[in-house]
Amino acid sequence: MSTAGLSVSLRKATVDDVRPTLEMKLAAWRETYAHVRPESFFAAKEAGLEKETDWWLRGLAAGAEFWIAVDAEGSVVGCAGGTPTQDDDADTGVPVELQMLYVRSAYYGTGLGERLLQTAVGTGPALAWVVQGNDRAIAFYRKHGFAPDGRVEPCGDWGDGVDWTGLDEVRLVRR
């Protein structure tokens, strides 16, 4: 399936898009991680949406940006964003990190993820961290030139009150 027949548009997110994007991201997490996280994990994330919304709004005000995919009804169905590579990933030698890429499962296989990836970080060297065992995401990144570089780290607590303990992240690099 291709995005050619879909009524989905990509655009840079605005402050009005933050909360709907976070709600979409939570729905995408439920679709992807429900088999490895208890419902309490998602409930904690939902309870912290107001605080996370404020954090994202401060980020946008400071110049951060991210992209969203919006369907014909105006619902956010995907998002992606990249940043310059963080200091702890400087050993990769790549200039950009894909910080997030989420697409609702109804859009899997449509090319929407590829469009978001290219919009957020282009087609050049980049890195991404993916939860180990998320085979669909790893296969997607491999298809787009990313490969594990051997670095694996525990997810732990990302500081947002939602505990990923027991899962690991794999670093994927596209050179």
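Leaving aside neighbours within four places in sequence, which residues is Thr53 in contact with? Thr53 is in contact with Val18, Arg19 and Leu22, where contact means heavy atoms within 4.5 Å. This is a predicted model, in which local features need pLDDT of at least 70 and side-chain atom pairs count only at pLDDT 80 or more, while totals for chains, interfaces and linings use all residues. Residues are numbered from 1 along each chain as its sequence is written, and side-chain values use heavy atoms, with hydrogens and water left out. Helices (H or I, at least four residues) and strands (E, at least two) are DSSP runs numbered from the N terminus.

**The sheet**

- Seven strands make up an open sheet of mixed pairing, in the order S1-S2-S3-S4-S5-S7-S6; two strands pair if DSSP finds at least two bridges between them.
- At the edges are S1 and strand S6 (147–154), each of which pairs on one side only.
- Neighbouring strands of this sheet are turned against each other by 25 degrees on average, direction ignored; axes are lines fitted to C-alpha atoms, for helices over the stretch in contact, and angles run from 0 to 180 degrees between N-to-C directions.
- Strands of a sheet pair through backbone hydrogen bonds, either parallel or antiparallel.

**Strand pairs**

- Strand S1 (residues 8–12) pairs with S2 in the antiparallel sense over five bridges, and Lys12 has Trp67 in S2 as its bridge partner.
- S2 and strand S3 (residues 76–84) run antiparallel and are joined by four bridges.
- Trp67 has Ala80 in S3 as its bridge partner, and Val70 stands opposite Val76 in S3.
- A hairpin is formed by S2 and S3, with four residues between them; Gly74, in the turn, has a positive phi of about 90 degrees.
- Seven bridges pair S3 with S4 in the antiparallel sense, and the bridge partner of Thr83 in S4 is Glu97.
- S6 and strand S7 (residues 168–174) run antiparallel and are joined by five bridges; Pro148 has Leu172 in S7 as its bridge partner.

**Helices on the sheet**

- Helix H4 (residues 112–121) packs on the sheet and touches S1, S2, S3, strand S4 (96–103), strand S5 (126–131) and S7. The direction of H4 makes about 150 degrees with that of S4.
- Helix H5 (residues 135–143) also packs on the sheet, touching S4, S5, S6 and S7. The direction of H5 makes about 165 degrees with that of S5.

**Helices H1 and H2**

- The axes of helix H1 (residues 18–33) and helix H2 (residues 39–47) cross at roughly 170 degrees and come within 11 Å.
- That makes H1 roughly antiparallel to H2; angles under 35 degrees count as roughly parallel, over 145 as roughly antiparallel, 65 to 115 as roughly perpendicular and the rest as oblique.
- On the H1 side of the contact are Leu26, Trp29, Arg30 and Tyr33, which meet Glu39, Phe41, Phe42, Ala43, Lys45 and Glu46 in H2.
- The residues of this contact of H1 with H2 divide into six nonpolar, no polar and four charged. Ala, Val, Leu, Ile, Met, Phe, Trp, Tyr, Cys and Pro count as nonpolar, Asp, Glu, Lys and Arg as charged, and the others, Gly among them, as polar.

**Burial and exposure**

- Buried means under 20% relative accessible area, exposed over 50% and partly exposed in between (1.4 Å probe, protein chains only).
- In strand S2 (residues 67–71), four of the five residues are buried, so S2 is largely enclosed by the rest of the structure.
- Phe41, Phe42 and Lys45 are the buried residues of H2. Seen down the axis of H2, these fall within an arc of 90 degrees, so they line one face of the helix; the arc is that of the directions from the helix axis to the C-beta atoms.
- The buried residues of H2 pack against H1 and helix H3 (49–61), whereas Ser40 and Ala47, on the other side of H2, are exposed.
- Thr53 lies in helix H3 and counts as buried at 7% relative accessibility.
- Ala62 lies in the loop between H3 and S2 and counts as exposed at 71% relative accessibility.
- Ala62 and Tyr108 are 46 residues apart along the chain, and their C-alpha atoms are separated by 32 Å.
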